Amino acid sequence: MVIRINDILETITEYNSDADLHLVERAYIYSAQVHDGHMRLSGEPYLLHPLNVAFILAKMKLDVESVSAGLLHDVIEDTHTTKEEIEKRFGRSIAHIVEGVTKLSKINFSDKVARQAESLRKMILAMADDIRVVLIKLADRLHNMRTLSYHKPDRQKAIAHETLDIYAPIAARLGIFWLKQELEDLAFFYCMPEEYKKIDNLVNKARDEKEAYVKEVMQRLQEKLSIEGIEADIKGRFKQHYSIYHKMLSQNLEFNQVYDLIAFRIILDKKAQCYEVMGIIHDMWKPIHYKFKDYIGVPKQNGYQSLHTTVIGPHGQRVEIQLRTKDMDEVAEAGIAAHWSYKEGAAIDEKTGKTFAWLRDLVDNQKESTDPDEFLENVRIDLYPDEIYVFTPDGEIKTLPKGATPVDFAYMIHTQVGDQCVGAKVNGKMVTLSHKLETGNSVSIITSKDHHPTPDWINFVVTVKARSKIKHWINDQEKERSISLGREMCEKLFRKKGYNFNAMLKAGELDSAAESFSFKEVDDLIAHVGFGKITPLQLFHRALPDSDKDVEQEKKGDKLSSILDKIIGKNRKRKKNNDGVIVKGHDDILVKFSKCCTPLPGDDIIGFITQGQGVTIHRKGCLNTLQMNPERKIDVQWSDNYAESYPARIRIRATDRPGFLADIATTISKNGANIINAHTDTYEFGAVRSYFTVSVSSIEQLEKVMNELRKVKHVNDVKRIVTTE
């Protein structure tokens, strides 16, 4: 179906007869002008894309500003149009939305991960101010997925994986399940075409066999409710392909073991009827008690409400049934679009604001995350909350992800409560701080003003907020210790040079030195001395550039060098270090690479002085380094003389076939890498996960190997595995 502007205008009029259609028409004309001559990969005029995006938004019953922004969503990125131009023509609100949707393609980032992370960060920040940003982004992604066939296979897989990782979960958190399901099935088709085809064949076969069963269940339900005088709309539907595949994979099931291929939905007029009809159904068929879920009494965070029950239905088959009101069904289908009202500038109501407060939390949790990999991982954690429901001592319900601990609960209450948490009671009994909470628990936190977080908390907390706050506290403490150590080192050197460091500090004589190192505060400069990134002698020469430069004095006065001599002097190599790492200018220090994060040349690295083992090299961001004494941190860098090889771990997701492992081994070998270790797990429908440890000379070689592996037939995904990140 070719979408035209009249289709969009007619759809808007159906749900908002007073809408300002002139605004939408002006946006259409402007978009047509600036996109004139632009073509899509399909060979069609580019204008068809914004038209389809706007039509999807109109089908979601959004306001005219949203639909207009949908027509304009690509003009900043793909044309010479500026945000100021959009604001001048269409107003500040539409300009803000379009700016929020715009990807950062015109800014140069170091790699694709950084580009994706920054684009996503921008979208999250914008959607916290105006949820319409992400609704338009989802509509944009949906149409791009519908037309993904025109891309090359490797590009198809990359876009599809991103859709599964980020956009489908966002749609789920917003409660727009029809959109989530279509995104997942389209992405499944391109990510794993063989698995999709097998599931499709089995579902079609099962559909033919189960049509009679569906009719029987619906007929018996309808007859029973009619006898009870209850009017209801009863529907039966098959589960989506990706949902079936994911359940089979996660629970290690055969297709014929997935009992809930069909879900029945009963739509009623009143909430009380939902509970009444559930009782009737349980009287008809035996319920499976642990499959009952009351999302009406305790709604999901995205506002979803329903009663879920599974019973042993006709002929001994399990039947899943959902019961909800018409209003609940509208929310379940439209999600946040059913809540959010922008008609004539109406503000969002307080109840809906609380329902989607997780958006604000998501933004707050990411503010302190500067590493792109960490940011994307944190967003994924926020977007995949397998939820539990616990109670405060006052009976207030709190929603947490599955596996959450009392520490996660404490940080949800307040940062100060989390920082000062010393113990917890669950249902009146003392538990450890690493205890995993369960739905229905009543949780009480015990605090102490003198207490503070410990690095081991990182190992068991599961919420991004708790992890971020703990890491923030640890970083602050590391900085304080580094300032103390740096001050001590500088005082010692300056005293030997005949100067009073503290007097110069108080007089502001070190401000220019801090500025020359690009630091706003002198404390930041001193902290870097404590970290080992700047030597006291370097600071001295910046503060007193006319003083006599004594290189030998630096070696004698350098605190970290003396620590090296004391702790690992006995392990110094007599020959020149050839491990490819320079330790603060020394080339005779024993170097050991950590097994937890397996750094490669090209990775950002950090060193820690280890008792009796020289300097251990970690990747920056390795969680294990958070538990190490910052006073033992030392500056390291890769030299130009790399060792022959370094180990790296990779995971390959694929569909099995004859000769598959042989092709993988050949590809690794052809690209100059050697297989050290290999392990393979096979799942239903030939799904394979293979884990390899390979030796490579640098991160560049590893990326080359991974890129070549992605071209191997039936390979779906290749990823570097770093266990501590």
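Predicted model: local features only at pLDDT ≥ 70, side-chain atom pairs only at ≥ 80, totals over all residues.
1. Residues are numbered from 1 along each chain as its sequence is written, and side-chain values use heavy atoms, with hydrogens and water left out.

2. Four strands form an open sheet in the order E19-E20-E18-E21, with antiparallel pairing; strands are DSSP runs of E with at least two residues, helices are runs of H or I with at least four, and both are numbered from the N terminus, while two strands pair if DSSP finds at least two bridges between them. Strand E19 (674-682) and strand E21 (715-720) lie at the edges, each pairing on one side only. Neighbouring strands of this sheet are turned by 20° against each other on average, direction ignored, with axes being lines fitted to C-alpha atoms and angles running from 0 to 180 degrees between N-to-C directions.

3. Within that sheet, strand E18 (residues 646-655) and strand E20 (residues 687-696) run antiparallel and are joined by 10 bridges. Arg653 has Arg689 in E20 as its bridge partner.

4. A second open sheet has three strands in the order E10-E9-E11, again with antiparallel pairing. Its edge strands are E10 (429-431) and E11 (443-447), each of which pairs on one side only, and the twist averages 35° from one strand to the next. Three bridges join strand E9 (residues 421-426) to E10, where Lys429 stands opposite Val426.

5. The whole structure holds 17 salt bridges, each defined as a side-chain nitrogen of Lys or Arg within 4 Å of a carboxyl oxygen of Asp or Glu. One of them joins the side chains of Lys137 and Asp140 at 3.9 Å, N to O; because these two residues are three apart in helix H9 (residues 132-146), about one helical turn separates them.

6. On the surface, Asp511, Glu515, Glu521 and Asp523 gather in a patch of negative charge (residues with over 30% relative accessible area and no salt bridge, like charges being joined within 9 Å; areas by the Shrake-Rupley method with a 1.4 Å probe). Glu521 is placed in the loop between helix H24 (511-516) and helix H25 (522-531).

Key
Patch = residues over 30% accessible without salt bridge, like charges linked within 9 Å, V, L, I, M, F, W, Y side chains within 5 Å. Lys, Arg positive; Asp, Glu negative; His and termini not counted. Charge placed at Lys NZ, Arg CZ, Asp CG, Glu CD.
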